[in-house]
Amino acid sequence: MAKTKELSKDVRDKIVDLHKAGMGYKTIAKQLGEKVTTVGAIIRKWKKHKRTVNLPRPGAPCKISPRGVAMIMRTVRNQPRTTREDLVNDLKAAGTIVTKKTIGNTLRREGLKSCSARKVPLLKKAHIHARLKFANEHLNDSEDIWVKVLWSDETKMELFGINSTRRVWRRRNTIPTVKHGGGNIMLWGCFSAKGTGQLHRIKGTMDRAMYRQILGENLLPSARALKMGCGWVFQHDNDPKHTAKATKEWLKKNHIKVLEWPSQSPDLNPIENLWRELKVRVAKSQPRNLNDLEKICKEEWDKIPPEMCANLVANY
């Protein structure tokens, strides 16, 4: 893997002279104690450029050989989470000593860039089939059908969650941080194409009984406030609290139709876009404590324009 020492001009000229005398690559290599590939490369360069000295090169030569570049590219393709330090150690073991900056420059030159890993659901085959089935069943649904859906979900709001990951320009390129985001609150919310419904703070650990209470205090009032009318459909995921027998009975008793939902599919729920919007808005207000965080969350949730909700549903 390490680069070998370049041959002197005298040795290169001698290789060319022996080639002119009619000797083959192997014979020249054996006589001079060089590799056949080295002899061949020098002769091909001479035939093409009529010279044995190196051609002018822009800047310093790359410290990593083509084989080394291929190795680190193969490693990164197979294991995208590989760090620059890991690659430095791999090359060091192969005889090439470079810095992490050199590794970064090489990867960028090859068209790669460092990004924050996206969080995606862990999907098994059954989940993939269920998602595909859901997509096929609703492929030709009109927008009028989705307008009748009341989407819901829970999310965690951290006191300093957004600020802790935001990039800033400062003299020392640092921002104040608080362990574990400075505390957090859990929220339940819902929305439809007509706007946002009620937002409820979940205090403590939510069980099946608490979930039914949240639905009773927030779901039906939201449906009335949004004027969902007859035949509206409720969407929630397959959390055990949502699919519990008591929860199903409560929904049936209140004549609430539930949208069949594939497991492990948070990315299919358009409310995720609203959660992101809410977190960005809340971060700009810089809440000071958890009670302040709850107050600002509810204020900003109510300020989300109905046009944004309608656009999310229209593009579903």
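The model is predicted. The chain holds 14 helices and five strands. Of its 316 residues, 35% count as buried.

**Chain as a whole**

- The accessible surface of the chain comes to about 21,000 Å². Carbon and sulfur atoms account for 52% of that surface.
- Among contacts in the chain with a separation of 6 or more, 68% are between residues 24 or more positions apart.

**The sheet**

- Five strands make up an open sheet in the order β3-β2-β1-β4-β5, and the pairing is mixed.
- The edges of this sheet are β3 (195–202) and β5, each of which pairs on one side only.
- Strands of a sheet pair through backbone hydrogen bonds, in either a parallel or an antiparallel sense.
- β1 and β2 pair in the antiparallel sense, over eight bridges. In this part of the sheet, Glu 158 stands opposite Asn 184 in β2.
- Strand β1 (residues 149–158) pairs with strand β4 (residues 233–235) in the parallel sense, over three bridges. Here Val 149 stands opposite Val 233 in β4.
- Eight of the ten residues of β1 are buried, so β1 is largely enclosed by the rest of the structure.

**Helices on the sheet**

- Helix α12 lies across β1, β2 (184–192) and β3, and runs at about 40° to β1.
- Helix α13 (residues 290–303) also packs on the sheet, where it touches β1, β2 and β3. The direction of α13 makes about 165° with that of β3.

**Aromatic rings**

- The structure holds six aromatic pairs.
- In one of these pairs, the ring centres of Phe 134 and Trp 261 are 5.3 Å apart. The planes of the two rings stand at 70°, which is over the 60 degrees required, so the pair is edge-to-face.
- This pair links distant parts of the chain, as Phe 134 and Trp 261 are 127 residues apart. Phe 134 is in helix α7 (residues 125–137), while Trp 261 is in the loop between β5 (257–258) and α12 (271–285).
- Phe 134 has a relative accessibility of 8%, which is under the 20% limit, so this residue counts as buried.
- Trp 261 counts as buried as well, at 7% relative accessibility.
- Phe 134 and Trp 261 belong to one aromatic cluster, together with Trp 146, Trp 151 and Tyr 316.

**Two loop residues with positive phi**

- Lys 50 is found in the loop between α3 (36–49) and α4 (66–78). Its phi is near 60°, a positive value in a residue other than glycine.
- The relative accessible area of Lys 50 is 62%, which is over 50%, so Lys 50 is exposed.
- Lys 50 also lies over the face of Trp 46, at 5.0 Å from the ring centre.
- His 255 is found in the loop between α11 (245–253) and β5. The phi of His 255 is near 60°, again a positive value in a residue other than glycine.
- With a relative accessible area of 74%, His 255 is exposed.

Conventions:
Residues numbered from 1 in each chain as written. Predicted model: local features only at pLDDT ≥ 70, side-chain atom pairs only at ≥ 80, totals over all residues. Heavy atoms only, no water. Phe/Tyr/Trp six-rings, centres within 6.5 Å; stacked < 30°, edge-to-face > 60°. Helix = DSSP H or I, 4+ residues; strand = E, 2+ residues; numbered from the N terminus. Buried < 20%, exposed > 50% of the residue type's maximum accessible area, 1.4 Å probe, protein only. Lys NZ or Arg CZ within 6 Å of the ring centre and 35° of its normal. Pairing = 2+ DSSP bridges. Contact = heavy atoms within 4.5 Å. Axes fitted to C-alpha atoms, helices over the stretch in contact; angles between N-to-C directions. Areas by Shrake-Rupley, 256 points an atom, 1.4 Å probe, with all protein chains shown as cover.
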